[in-house]
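Good morning. Please look at the model on the screen while I go through a few of its features.

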Amino acid sequence: MRYGAGQVAALSDLSVEIGDGVTGLVGANGAGKSTLIKILLGLLTPTSGGAQVLGHDIRTQGMQIREAVGYMPEHDCLPPDMRAIDFVVHMGRVSGLPAAAARERAADVLRHVGLAEERYRLMGGYSTGMKQRAKLAQALVHDPRLVMLDEPTNGLDPAARDDMLSLVRRIGHDFGIPVLVTSHLLGELERISDHVVVLDGGHLLRSQATQAFLGDTGVVLVEVLGDHGADGADPQTRMGQGLAARGLSCRPRGGLIEIDPVRVQGADALDEAPAGGMEALAARDRLRDIVRDTAADLGLGLVRVQPETGRLEDVFREEVAP
Ligand SMILES: Nc1ncnc2c1ncn2[C@@H]1O[C@H](COP(=O)(O)OP(=O)(O)OP(=O)(O)O)[C@@H](O)[C@H]1O
């Protein structure tokens with residue numbers, strides 16, 4: 001896809017397949033996410049190449065695609081002098097619902113997105129979080145077979161962002177509607193997406209199951225509770241010293257202790273971890289045993305022993321690093 005006189009290639013050589021569940025489309029600002037969504041909706045015609053959405057051709061069947069798809073645009077597009085209920089009913093009617101069904105569905109989806117009380121207020125007076133919810137409601141009113149959400153968490157504070165991400169997850173998982181959701185915050189979608197597509201400067205960087213992205217690093221994080229030592233050392237320091245005495249390489253990280261992976265064979269020679277598979281599992285079990293025994297010997301309580309997983313942001317940083 002080239003814009004204007006062809007100077008700017010917004011997308012190039014992009015070949016990707018998007019399936020069921022929640023797919024996160026991530027990339028920095030300008031990576032081409034909105035362009036891809038508009039192409040898939042048949043709103044923009046690509047300079048070359050093509051695509052199909054739910055079996056419809058984007059070049060010739062944009063109308064059928066938009067009938068079957070719910071779309072939440074990135075920018076504010078709500079008429080300020082309309083009440084949310086009237087707007088969502090209207091969008092249902094535009095999508096072909098009879099009047100009574102549109103009213104019923106609008107009330108349902110507005111309740112669903114958490115706007116039950118506020119649905120009779122003019123949207124011009126809404127907070128950003130309420131506007132994003134209203135935009136989501138209009139994308140769902142006609143019972144779409146697929147939804148495309150462009151930056152649904154834009155402008156939200158952390159609590160509102162978590163609420164929005166939970167809603168997106170429910171759409172994909174509880175209601176079984178496939179979701180394509182974008183974010184320029186790379187790590188934001190890792191909790192809720194089954195699959196991640198990463199774009200960088202209009203190119204496909206990766207398209208992969210989220211789990212494959214976030215593979216186990218072998219590092220274990222531990223939190224302990226208990227008494228200070230005779231020398232005044234706090235529980236975390238005592239645990240760290242106990243683990244080090246057993247040959248583990250560890251360090252404090254916030255209120256937790258970060259322990260490097262261990263080798264399976266040899267009780268004392270604990271160094272670099274194996275890469276994966278059964279050996280990695282055995283190493284993890286062994287490490288857990290050592291952690292449990294150390295805490296027991298010191299009379300400390302284990303609050304948490306958790307494997308650390310990689311972060312999408314790290315993967316991205318590594319891949320685009322010069
Ligand atoms: N109408 C347009 N005319 C010219 N260039 C455009 C147009 N729309 C987008 N672009 C350019 O195409 C590239 C991709 O933009 P796009 O909006 O698809 O990215 P994005 O990943 O959605 O970013 P953002 O999160 O900022 O919206 C950018 O370089 C952008 O400047």
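**Overall layout**

The protein chain has ten helices and 14 strands. Both are DSSP runs numbered from the N terminus: H or I over at least four residues for helices, E over at least two for strands. This is a predicted model, in which local features need pLDDT of at least 70 and side-chain atom pairs count only at pLDDT 80 or more, while totals for chains, interfaces and linings use all residues. Residues are numbered from 1 along each chain as its sequence is written.

The radius of gyration of the protein chain is 25 Å, whereas a compact globule of 322 residues would have one near 20 Å. That radius is taken over C-alpha atoms, and the globule rule is 2.2 Å times the number of residues to the power 0.38. Along the principal axes, the C-alpha atoms of the chain fill a box of roughly 75 × 45 × 30 Å.

**Helix H3 and two partners**

Take helix H3, residues 84–94, and helix H5, residues 128–140: they pack at an angle of about 30 degrees, with their axes 8 Å apart. That makes H3 roughly parallel to H5, since angles under 35 degrees count as roughly parallel, over 145 as roughly antiparallel, 65 to 115 as roughly perpendicular and the rest as oblique. Axes here are lines fitted to C-alpha atoms, for helices over the stretch in contact, and angles run from 0 to 180 degrees between N-to-C directions.

Which residues of H3 meet H5? They are Ala84, Phe87, Val88 and Met91, and on the H5 side Ala134, Ala137 and Gln138. Contact means that C-beta atoms, placed from the backbone, lie within 7 Å. By class, the contact of H3 with H5 has six nonpolar residues, one polar and no charged. Ala, Val, Leu, Ile, Met, Phe, Trp, Tyr, Cys and Pro count as nonpolar, Asp, Glu, Lys and Arg as charged, and the others, Gly among them, as polar.

Now helix H4, residues 99–112: its axis and that of H3 come within 8 Å and cross at roughly 130 degrees. That makes H3 oblique to H4. The H3 side of the contact is Ala84, Ile85, Val88, Val89, Gly92 and Arg93, and the H4 side includes Ala99, Arg103 and Leu110. The contact of H3 with H4 has nine nonpolar, one polar and three charged residues.

**The ligand**

How many residues surround the ligand? There are 14, and the closest are Tyr3, Ala10, Asn29, Ser34 and Thr35. A residue is near a molecule if its C-beta atom, placed from the backbone, lies within 6 Å of it. Helix H1, residues 33–40, gives the largest share of the shell, three residues. The shell has four nonpolar, eight polar and two charged residues.

Terms used:
Contact = placed C-beta atoms within 7 Å.
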